2 protein chains.
Amino acid sequence: MNEGHLFVVSGPSGAGKGTVCRRLLEEVDAVLSVSMTTRLPRPGEVEGDHYIFTSAEDFERAIGADELLEHALVYGNYYGTPKRPVTDKLRGGTDVVLEIDTQGAFQVKERCPDAILMFILPPSMAELRNRIEKRGSETEEAISRRLGEALKEIELIERYDYCVVNGVLAEAVAKVKSVIVAEHLKTGRGASEIIKKYKEET
Amino acid sequence: MNEGHLFVVSGPSGAGKGTVCRRLLEEVDAVLSVSMTTRLPRPGEVEGDHYIFTSAEDFERAIGADELLEHALVYGNYYGTPKRPVTDKLRGGTDVVLEIDTQGAFQVKERCPDAILMFILPPSMAELRNRIEKRGSETEEAISRRLGEALKEIELIERYDYCVVNGVLAEAVAKVKSVIVAEHLKTGRGASEIIKKYKEET
């Protein structure tokens, strides 16, 4: 009855969904799901914190065993969300935030129709290019490909419940936080419990 | 395209919807619609600010001329919302907040399906009784009748989009504010505009 809410934060690579989520988690009572990936760690990334790093072989075994809530192959690497930790936390009444790729977001929505999908937009395509360039790890060809992918993803925003432009980080975080607060105020699932409480008091 | 949003704040008499709305309007960029009523002004109430006070004759003429967005007869007095000021502001891009009775809230939802309905709950039935008693203007019979009405209204919360408990005023106001922020982030009507913007930038 009092299950946690599942919030999916997605958006194009470079829009800043990772930064938004990390800052968000300092301010709301929720846990961030740790994704599993077959890509190599970037400098500074910590196993079990940023990602669970694994082999393609192990990843494919997890797919076969239906142990993933979603998974996607992005630029040749697998990314996925182990199902069990998420469903355990939701059942225990804790909100879970998934920071995932757009392919994964739709898979989650299909499996968990109550999931709330948020799309993080860059303030502009020029700014998105800047951010990707600043990472410094991409060739011009890769940057162009990412920008093309970003636009394709933006064209699907109608499938998301909410859109947040990440221009000023603190503002974007405050907006995502408002969505979380508002979703908890929705009458939906709690209505009969609420009515019961007031009836008993009368 | 960029029309304002219509927020309806309703709930039982004594739940504090009036106080919540007044405080809210200090913090968000929206206008509070002024209701028209045939009841007598309470001490301190100002014509055109708290209500437009009018005669039953004039009120019934406005009903007949379809000049009201909603109206209701409550404890022998008419209450209603003049339509024109609301629709003008919405068309101009301004959010409008309606603080109205539950009968009126459903009429508004019927006429304006995009309206967002919020229900303000008292923290408990005992606290609701306290608040009504503090007004000092009610007989015990009237208080009992109000509590009975309140419970009937609470039983209809499923028809509202959001429920906010008004225990600590500042918290209730912050919650209503989050709903307003979140509703503006909903992808819905703005999606094609957003997609167009990013496409043009590419």
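Student: Hi! Which surface do the copies meet through?
Tutor: Hi! This is a predicted model, and in it 100% of the interface residues of chain A are also interface residues in chain B, so the copies meet through the same surface.

Student: Okay, how many residues does the contact take from each chain?
Tutor: Chain A puts in 32 residues, and chain B puts in 32 residues.

Student: And what area is buried between chain A and chain B?
Tutor: About 2,900 Å² is buried between the two chains, and carbon and sulfur atoms give 70% of that. On the side of chain A, the residues that lose the most area to chain B are Leu185(A), Thr187(A) and Tyr198(A). Together these three account for 23% of what that side buries.

Student: How many salt bridges are there between chain A and chain B?
Tutor: The count is 2 salt bridges between them. One of these joins the side chains of Glu155(B) and Lys199(A), at 3.5 Å from N to O.

Student: Which helix of chain A gives the most to the side that touches chain B?
Tutor: That would be H8(A), with 7 residues. Helix H8 covers 191–201, and at least two residues each also come from helix H6 (140–154), strand S9 (162–165) and helix H7 (169–185) of chain A.

Student: Switching topic: how can chain A be laid on chain B?
Tutor: Turn chain A by 180 degrees, with a shift of 0.0 Å along the axis, and the RMSD to chain B is 0.0 Å. That is the relation of a two-fold axis.

Student: Nice. Which residue of chain A comes closest to the rotation axis?
Tutor: Look for Ser178(A), whose C-alpha is at 2.3 Å from the axis.

Student: Now the sheets. What order do the strands have in the open sheet of 4 strands in chain A?
Tutor: The order is S4-S3-S6-S5, and the pairing is mixed. Strand S4 (51–53) and strand S5 (68–74) of chain A stand at the edges with a single partner strand each, so one side of each has no neighbour in the sheet. From one strand to the next, the twist averages 25 degrees.

Student: How many bridges join S5(A) to S6 of chain A?
Tutor: There are 6 bridges, and S5(A) and strand S6 (residues 77–82) run antiparallel. To find your way around, you can pick out Val74(A), which stands opposite Asn77(A) in S6(A).

Student: And which helix lies across S5 and S6 of chain A?
Tutor: Helix H3 (residues 83–91) of chain A does, running at about 30 degrees to S6(A).

Student: Let's hop to chain B. What pairing does its open sheet of 5 strands have?
Tutor: The pairing there is parallel, and the strand order is S2-S7-S1-S8-S9. At the edges are strand S2 (30–32) and strand S9 (162–165) of chain B, each pairing on one side only. Neighbouring strands in this sheet are turned by 25 degrees against each other on average, direction ignored.

Student: How many bridges do S1 and S7 of chain B pair over?
Tutor: Strand S1 (residues 6–10) and strand S7 (residues 95–99) of chain B pair over 4 bridges, in the parallel sense. Within that pair, Val9(B) stands opposite Glu99(B) in S7(B).

How values were computed. Residues are numbered from 1 along each chain as its sequence is written. Chains are lettered from A and ligands numbered from 1 in the order in which they are written. This is a predicted model: local features need pLDDT of at least 70, side-chain atom pairs count only at pLDDT 80 or more; totals for chains, interfaces and linings use all residues. Side-chain values use heavy atoms; hydrogens and water are left out. Copies are superposed by least squares on the C-alpha atoms of residues with pLDDT of at least 70 in both. Contact means heavy atoms within 4.5 Å. Two strands pair if DSSP finds at least two bridges between them. Axes are lines fitted to C-alpha atoms, for helices over the stretch in contact, and angles run from 0 to 180 degrees between N-to-C directions. Buried area is the accessible area (1.4 Å probe) that two parts lose on being put together, summed over both. A salt bridge is a side-chain nitrogen of Lys or Arg within 4 Å of a carboxyl oxygen of Asp or Glu.
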